[in-house]
Amino acid sequence: MLACRVPAPPAVMMLCPAMLLLALLLLASPAAAVNTSTPCATASCGNLTVPARNTWNPCAAALCGNINIAYPFWLSGTHPPECGYNAFEVTCDKQQGKVSLANSFLTYQILDIFYPDNSFRITNVAQMLANDSCAFDTLFNVSSDLGLSPFKISTKNLELFFLFDCDLRETQTPRSWTRVPCPPTPGNNSSVFALLGKKYTPDGVGMPPPMNCNESMIPVLGYDEGATGADYQRLIKGGFLLEYTDPGACNDCTHTGGQCRVNVSDDSFKCYCTDGDHDYSCLDDDGYGEYLYAYGFNL
């Protein structure tokens with residue numbers, strides 16, 4: 001290209017034709033256009049490949065309905081198995097926005113997760129169906145179903161009894177019993193009653209049920225101190241509280257810049273750091289992680 005000589009006055013206000021042509025070409029070039037809202041919004045910008053969202057952290061929290069799914073829970077189909085423990089795998093009904101435990105015998109819908117308290121509130125779908133059909137004698141023992149899991153039924157729950165096949169010939173119905181309106185069934189005209197007991201106890205019942213009835217007991221969280229057996233429908237729908245044990249390893253891991261993971265081969269904890277996997281935090285095993293963290297590098 002020919003050099004553009006700087007004109008002398010009074011032609012100083014005139015643009016060099018070569019410079020004007022270059023400016024027009026640059027403005028017309030697609031590369032000169034800048035996406036100010038989302039630069040590189042597509043999968044690539046020229047020859048630079050842009051990673052998909054969250055590929056740097058495949059265990060980033062996921063949302064189902066209004067429930068946030070994060071370690072130690074992991075969402076099947078969204079998170080890889082290393083994002084949480086096997087028993088904490090959940091599924092998401094996207095149409096209804098419902099979260100359910102994936103590996104339990106019964107179907108449990110998760111209503112809330114309280115991460116700071118290591119607890120979550122669930123409801124047993126079979127119990128709600130029994131509530132609709134009055135088939136309380138078919139209820140499965142929840143504590144037996146969860147016996148081999150890392151979850152335990154919280155003592156913050158209350159015991160809700162359903163009494164049936166009661167022998168009331170010699171006694172009157174106590175005032176604390178609420179009659180459950182059940183449709184009559186052939187060959188069985190006995191009444192069903194609801195009774196809200198005391199605090200749930202893992203090794204037995206908090207309040208002995210009446211000896212002249214068969215009974216089924218389910219834990220319920222309750223919603224106020226004035227609840228009674230008459231509130232059984234609301235209590236069942238409100239679910240009950242489960243607790244799990246967190247040894248604190250995840251906090252140690254994240255506080256040193258790591259990400260909490262699970263070793264899929266043995267379902268054990270591991271801390272993912274920039275220099276590899278560690279047992280507890282980015283400061284254990286060797287001094288490399290400790291050096292980076294001490295000098296302010298974000299792992």
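This is a predicted model: local features need pLDDT of at least 70, side-chain atom pairs count only at pLDDT 80 or more; totals for chains, interfaces and linings use all residues.
1. The four strands form an open sheet in the order β12-β13-β11-β14, and their pairing is antiparallel. The edges belong to β12 and β14 (214-220); each has a single partner strand, so one side of each is left without a neighbour in the sheet. From one strand to the next, the twist averages 35 degrees.

2. Within that sheet, have a look at the contact of β11 with β14. These two strands pair in the antiparallel sense over seven bridges. If you want a residue pair to find your place by, F162 stands opposite S216 in β14.

3. A disulfide belongs to this part of the chain too: C166 is joined to C213, with an S to S distance of 2.0 Å. The torsion about the S-S bond of C166 and C213 is about 120 degrees, so this disulfide is right-handed. C166 lies in the loop between β11 and β12, while C213 lies in the loop between β13 (192-199) and β14, so the pair ties together parts that are 47 residues apart in sequence. C166 is buried, because its relative accessible area of 17% falls under the 20% cut-off. C213 is buried as well, with a relative accessible area of 10%.

4. While you are in the loop between β11 (158-164) and β12 (178-180), note R175, which is found there. R175 counts as exposed, because its relative accessibility of 87% is over 50%. In sequence, R175 and L195 are 20 residues apart; in space, their C-alpha atoms are 9.9 Å apart.

5. Now for the other sheet I would point you to. Seven strands make an open sheet in the order β5-β6-β7-β8-β9-β15-β10, with mixed pairing. Here β5 and β10 (151-153) stand at the edges, and since each has a single partner strand, one side of each is left without a neighbour in the sheet. At the β10 end, β10 and β15 (residues 240-244) pair in the antiparallel sense over three bridges.

6. On to the disulfides, of which the structure holds six. C59 lies in the loop between β2 (48-49) and β3 (62-64), and C83 in the loop between β5 and β6, so the link ties together parts that are 24 residues apart in sequence. Both C59 and C83 are buried.

7. Another of the disulfides is formed by C273 and C282, whose sulfur atoms are 2.0 Å apart. The link of C273 and C282 is left-handed, with -100 degrees about the S-S bond. C273 is buried at a relative accessible area of 2%, and C282 is buried at 0%.

8. Finally, the charged pairs. Side chains of opposite charge can pair when their charged atoms come close. The structure holds four salt bridges. One of them joins K270 to E82, with 3.8 Å between the closest N and O atoms. This pair links distant parts of the chain: K270 is in strand β17 (residues 268-273) and E82 is in the loop between β5 (74-75) and β6 (89-93), 188 residues apart. K270 is buried, with a relative accessible area of 17%, whereas E82 is partly exposed at 26%.

9. K270 has another partner to note. Its side chain also meets that of D277 in a salt bridge, at 3.3 Å from N to O. D277 is partly exposed, because its relative accessible area of 43% lies between the 20% and 50% cut-offs. Salt bridges that share partners join E82, R261, K270 and D277 into one network.

10. One more salt bridge deserves a line: D112 pairs with R121, the closest N and O atoms being 2.4 Å apart. Which of these residues is partly exposed, and which counts as buried? D112 is the partly exposed residue, with a relative accessible area of 27%. R121 counts as buried, at 18% relative accessibility.

Terms used. Residues are numbered from 1 along each chain as its sequence is written. Side-chain values use heavy atoms; hydrogens and water are left out. Buried means under 20% relative accessible area, exposed over 50%, partly exposed in between (1.4 Å probe, protein chains only). Two strands pair if DSSP finds at least two bridges between them. Axes are lines fitted to C-alpha atoms, for helices over the stretch in contact, and angles run from 0 to 180 degrees between N-to-C directions. A disulfide is a pair of cysteine sulfur atoms within 2.5 Å.
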